[in-house]
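Welcome! Here is a short briefing to read with the structure in view.

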Amino acid sequence: MHKRALFILLVIAGVLCWAFPVVLEQLGEPRLLPDGMDSLLGMVGMTVFCAALNVLRRLDKASDPACRREQKALHDERNTAIQNKARAISGDITMLAVLLAAMFFQAFEGPEIPGWIIWFLFGIVIGNLLLSLALHRWLQRKM
């Protein structure tokens with residue numbers, strides 16, 4: 001409970017830091033802060049606000065039994081295998097699209113398409129192929 005109270009106080013402090021320069025600007029008060037300090041204070045306030053809200057969200061999730069059951073079901077072995085297979089298929093489709101784009105640029109190379117772009121795209125595809133082969137061998141040895 002102490003953590004929760006601390007992060008609620010951080011949310012309030014973040015909102016106050018963000019709102020202070022805005023309120024002063026609207027009231028037409030003379031500049032109390034040096035140049036750039038008001039925007040820095042606003043950015044720090046928004047960062048603290050967002051970070052504290054994120055931690056509060058995670059604290060609420062951790063205390064909810066239904067959420068814990070859902071997370072356990074989400075990360076079981078079958079769902080992990082399905083997610084990995086979906087990522088692999090989407091990666092293959094993306095690499096095919098990059099390869100086709102490189103081939104298209106190679107076929108219609110003109111003065112407006114620099115040659116390094118084509119070789120860069122081919123390098124991405126070849127790098128992905130070599131990386132997937134290396135990871136495949138490494139995972140086979142690991143398992």
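Helices α1 and α2 pack at an angle of about 155°, with their axes 7 Å apart. Axes here are lines fitted to C-alpha atoms, for helices over the stretch in contact, and angles run from 0 to 180 degrees between N-to-C directions. Because of that angle, α1 is roughly antiparallel to α2; angles under 35 degrees count as roughly parallel, over 145 as roughly antiparallel, 65 to 115 as roughly perpendicular and the rest as oblique.

This is a predicted model, in which local features need pLDDT of at least 70 and side-chain atom pairs count only at pLDDT 80 or more, while totals for chains, interfaces and linings use all residues. Residues are numbered from 1 along each chain as its sequence is written, and side-chain values use heavy atoms, with hydrogens and water left out.

**The pair α1 and α2**

- The crossing of α1 and α2 is left-handed, meaning that the near helix is turned anticlockwise from the far one by less than a right angle (clockwise would be right-handed).
- Sorted by class, the contact of α1 with α2 has 18 nonpolar, three polar and four charged residues.
- For these classes, Ala, Val, Leu, Ile, Met, Phe, Trp, Tyr, Cys and Pro count as nonpolar, Asp, Glu, Lys and Arg as charged, and the others, Gly among them, as polar.

**A look along α2**

- Helix α2 covers residues 37-63, and its 27 residues should span 39 Å at 1.5 Å a residue; the end C-alpha atoms are 39 Å apart, which agrees.
- The expected span of a helix is 1.5 Å times one less than its number of residues, and helices (H or I, at least four residues) are DSSP runs numbered from the N terminus.
- Gly-42, Gly-45, Ala-52 and Leu-56 are buried in α2, where buried means under 20% relative accessible area, exposed over 50% and partly exposed in between (1.4 Å probe, protein chains only).
- The buried residues of α2 pack against α1, residues 2-27.
- Thr-47 also has its place in α2, but Thr-47 is exposed, with a relative accessible area of 51%.
- Thr-47 and Val-11 are 36 residues apart along the chain, and their C-alpha atoms are separated by 9.8 Å.

**The pair α4 and α5**

- Helix α4 (residues 77-107) and helix α5 (residues 115-142) pack at an angle of about 150°, with their axes 9 Å apart.
- That angle makes α4 roughly antiparallel to α5.
- The crossing of α4 and α5 is left-handed.
- Residues of α4 including Met-95, Val-98, Leu-99 and Phe-105 meet residues of α5, among them Ile-117, Leu-121, Phe-122 and Val-125; contact means heavy atoms within 4.5 Å.
- The residues of this contact of α4 with α5 divide into 13 nonpolar, two polar and no charged.

**A look along α4**

- With 31 residues, α4 should span 45 Å at 1.5 Å a residue, and its end C-alpha atoms are 45 Å apart, which agrees.
- Met-95, Val-98 and Ala-102 are the buried residues of α4, and what covers them includes α5.
- Met-103 lies in α4 and counts as partly exposed, at 43% relative accessibility.
- From C-alpha to C-alpha, Met-103 and Phe-122 are 8.6 Å apart in space, and they are 19 residues apart in sequence.
- Ala-97 lies in α4 and counts as partly exposed, at 44% relative accessibility.
- The C-alpha atoms of Ala-97 and Val-125 are separated by 9.8 Å, with the two residues 28 residues apart along the chain.

Conventions:
Helix = DSSP H or I, 4+ residues; strand = E, 2+ residues; numbered from the N terminus.
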